[in-house]
Amino acid sequence: MSLYELILSRRSIRQFKPEPVSKEILEKLVNAARLAPSASNLQPLEFIVVAEAGLRKQLFPCLKWAGYIAPEGNPKPGHEPVAYIVVIVNLQVKDKGYEWDAGAAVENMILTAWAEGIGSCWLLSVERKNIKEMLKIPMNYKIDSVLALGYPDEKPVVEDMEGSLKYWKDKQECLHVPKRKLKDIIHFNIF
Ligand SMILES: Cc1cc2nc3c(=O)[nH]c(=O)nc-3n(C[C@H](O)[C@H](O)[C@H](O)COP(=O)(O)O)c2cc1C
């Protein structure tokens with residue numbers, strides 16, 4: 001699959017198979033994040049890989065899934081993520097404007113995972129205080145976001161947006177994700 005095809009076929013995944021993701025692949029994802037663009041090359045981000053079953057069980061209730069259709073978009077019992085990568089920021093290195101670095105790093109991880117057949121969901125709706133305590137994250141670090149990972153057990157489909165931007169599930173529990181049409185967002189030369 002070309003990189004372009006990989007990008008087009010990627011969707012956020014919220015139902016996973018109980019199959020583990022290897023440590024080798026998890027390391028590969030963080031390595032892809034490490035080499036992402038970084039403003040002034042400051043590299044304020046670090047990554048906590050959470051794959052241990054006890055910690056995963058504690059982390060799961062700290063995450064909020066698919067707000068528009070909650071709770072229907074939640075991973076069902078037995079279909080929870082099998083690993084997480086918690087993206088943290090060293091505030092002593094950078095305390096403002098690190099979100100662009102995080103965006104580039106997380107997208108690198110999402111696409112690297114997808115190339116390995118691993119689905120992911122990038123989560124910003126997370127209980128940062130609880131997670132910080134649970135993972136013993138030092139004071140001078142902030143949690144940016146959490147990437148949930150696992151082999152996909154759903155196949156969401158993209159739709160041309162007609163009115164509403166809210167994704168929905170049909171009777172077969174397939175998630176439909178509306179995207180704005182190319183002609184509505186592209187501007188050549190002048191607006
Ligand atoms: C910055 C950011 C934060 C997100 N936070 C959440 C989240 O907290 N929970 C969730 O279920 N999905 C979250 N998502 C996933 C979006 O809901 C998803 O990208 C969007 O619905 C489009 O679907 P797609 O990723 O399949 O194209 C987030 C996505 C981004 C880019």
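Glu-133 and Lys-129 sit four residues apart in helix α5, about one turn of the helix. Helices here are DSSP runs of H or I with at least four residues, strands are E runs of at least two, and both are numbered from the N terminus. The two side chains join in a salt bridge, with N to O at 3.7 Å. That term means a side-chain nitrogen of Lys or Arg within 4 Å of a carboxyl oxygen of Asp or Glu.

Glu-133 and Lys-129 are both exposed. For exposure, the cut-offs in relative accessible area are under 20% for buried and over 50% for exposed, with partly exposed in between (1.4 Å probe, protein chains only).

## About the model

This is a predicted model, where local features need pLDDT of at least 70 and side-chain atom pairs count only at pLDDT 80 or more, while totals for chains, interfaces and linings use all residues. Residues are numbered from 1 along each chain as its sequence is written, and side-chain values use heavy atoms, leaving out hydrogens and water.

Now for a longer reach along the chain. Lys-64 pairs with Glu-127 in a salt bridge, their closest N and O atoms 3.5 Å apart. This pair ties together distant parts of the chain, 63 residues apart: Lys-64 is in the loop between α3 (53-59) and β2 (83-90), and Glu-127 is in the loop between β3 (119-123) and α5 (128-134). Lys-64 is exposed at 51% relative accessible area, while Glu-127 is partly exposed at 29%.

## One more pair, and the count

Asp-184 and Lys-183 also form a salt bridge, with closest N and O atoms 3.2 Å apart. Asp-184 is partly exposed at 38%, and Lys-183 is exposed at 62%. How many salt bridges does the rule give? The count is six.
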